[in-house]
Amino acid sequence: RCVTACGRLASQHHCRGKRYVTAASSSRLFGTKRNTPGNPPGEISIYNEQTALDDIDIGRSEATISEIRNIVNYPTYDISLLLVDDEEMRQTNLDTRGIDGPTDILSFPFQDVAVEGKPGELAEPEFDIEDYYSLGDMMLDVAYVIRRCEEDRIAANGAADGGDEAAERVIVEGAENDAESDNVDDDRGVSGAMSTVYDPEERIHMLLVHGMLHLVGYDHIEDDDYDLMWRKEEEVLDLLRKKGGAFLFGIALLATLGPSS
């Protein structure tokens with residue numbers, strides 16, 4: 001879910017949680033031009049404001065973001081992630097999209113897609129100024145992810161716990177309680193991969209793939225765009241697995257993605 005023309009989310013919020021930062025460079029405070037030999041990686045800032053998952057592994061989230069950023073070929077650009085609870089997500093969703101309810105992840109791109117460019121091809125900053133080299137911000141609702149994991153787990157066990165009718169009821173009730181449920185019947189891309197992963201932290205890493213692809217211009221409003229996006233999601237998930245998925249994700253995701261070719 002992409003929200004455009006909103007500027008830097010982190011700078012607009014009074015971030016209360018602890019900030020975890022991977023410094024970009026000792027001589028340059030922010031991101032740098034890509035594809036230039038010797039330019040250091042951009043800064044990754046993670047603001048942990050959520051209270052739903054006490055032992056969330058920030059280091060793993062940082063590693064996942066860094067790997068995705070390399071895969072989409074913007075390693076020198078800054079990026080920030082805000083981990084929040086339902087109320088902050090609900091208010092942000094209402095303010096930016098007019099939807100009065102939480103969702104799993106929102107993306108706030110800082111760059112525009114290049115003129116006549118394809119998704120993933122961003123316009124170069126007009127000026128070589130450090131803080132222009134940013135992909136943008138993501139906001140992820142951890143409580144929402146936990147809730148959907150439980151709903152999907154119960155639905156998957158519906159045949160044993162009360163049949164298909166019980167499973168369907170869980171899905172419908174979840175859709176009524178949350179602002180969006182467009183991932184429920186989707187078996188492709190990140191949505192499909194997540195459907196059998198019931199560990200909230202594993203899902204968070206998978207959602208980062210979805211959110212970061214929004215930051216580099218992918219979307220799913222139109223059918224053609226949607227097709228491009230889910231295919232790219234599956235490509236990135238597979239590359240993450242091959243690049244060291246045991247650290248980036250975990251056993252549940254590796255089993256979901258299947259054997260490497």
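This is a predicted model: local features need pLDDT of at least 70, side-chain atom pairs count only at pLDDT 80 or more; totals for chains, interfaces and linings use all residues.
Let me begin with a term: a residue is called buried under 20% relative accessible area, exposed over 50%, and partly exposed in between, with a 1.4 Å probe and protein chains only. At 44% relative accessibility, Phe127 therefore counts as partly exposed.

Residues are numbered from 1 along each chain as its sequence is written, and side-chain values use heavy atoms, with hydrogens and water left out.

Staying with Phe127, please look at the loop between strand 4 (105-109) and strand 5 (134-141), where this residue is found. Phe127, together with Ile129 and Tyr132, forms a nonpolar patch on the surface, and the accessible area of the three together is about 260 Å². A patch is made of residues with over 30% relative accessible area and no salt bridge, where nonpolar side chains (Val, Leu, Ile, Met, Phe, Trp, Tyr) are joined within 5 Å and like charges within 9 Å. The areas themselves come from the Shrake-Rupley method with a 1.4 Å probe, and for residues only the protein chains shown count as cover.

Now to the salt bridges, by which I mean a side-chain nitrogen of Lys or Arg within 4 Å of a carboxyl oxygen of Asp or Glu. How many salt bridges does this rule give? The count comes to twelve, and I will go through some of them.

In one of them, the side chains of Arg60 and Glu202 meet at 3.3 Å, N to O. This pair links distant parts of the chain, since Arg60 sits in helix 2 (residues 58-71) and Glu202 in helix 8 (residues 200-215), 142 residues apart. Are these two partners buried or exposed? Arg60 has a relative accessible area of 13% and so is buried, and Glu202, at 8%, is buried as well.

Another salt bridge joins the side chains of Arg147 and Asp86, at 3.0 Å from N to O. Here too the pair links distant parts of the chain, with Arg147 in helix 4 (residues 142-156) and Asp86 in helix 3 (residues 86-97), 61 residues apart. Arg147 counts as partly exposed because its relative accessibility is 25%, and Asp86, at 25%, likewise counts as partly exposed.

Within helix 4 there is also a local pair, Arg153 and Glu150, which lie three residues apart, about one turn of the helix. Their side chains meet in a salt bridge of 2.4 Å, N to O. At 31% relative accessibility Arg153 counts as partly exposed, and so does Glu150 at 36%. Finally, Glu87, Arg90 and Asp100 are linked in a network of salt bridges.

Let me turn to helix packing. Two packed helices are described by the angle between their axes and the distance between the axes. The axes are lines fitted to C-alpha atoms, for helices over the stretch in contact, and the angles run from 0 to 180 degrees between N-to-C directions. Helix 4, which holds Arg147, packs against helix 8 at an angle of about 115°, with the axes 9 Å apart. That makes helix 4 roughly perpendicular to helix 8, given that 65 to 115 degrees counts as roughly perpendicular, under 35 as roughly parallel, over 145 as roughly antiparallel and the rest as oblique. Helix 2 and helix 9 (residues 223-242) pack at about 120°, with their axes 10 Å apart, which makes helix 2 oblique to helix 9.

I close with the backbone. Most residues other than glycine have a negative phi, and most peptide bonds are trans. Which way does Asn35 go, positive or negative? Asn35 has a positive phi of about 60° although it is not a glycine. Asn35 is found in the loop between strand 1 (18-22) and strand 2 (44-48), and with a relative accessible area of 60% it is exposed. Asn73 also has a positive phi, near 70°, and lies in the loop between helix 2 and strand 3 (78-84); at 33% relative accessible area, Asn73 is partly exposed.

Terms used: Helices (H or I, at least four residues) and strands (E, at least two) are DSSP runs, numbered from the N terminus.
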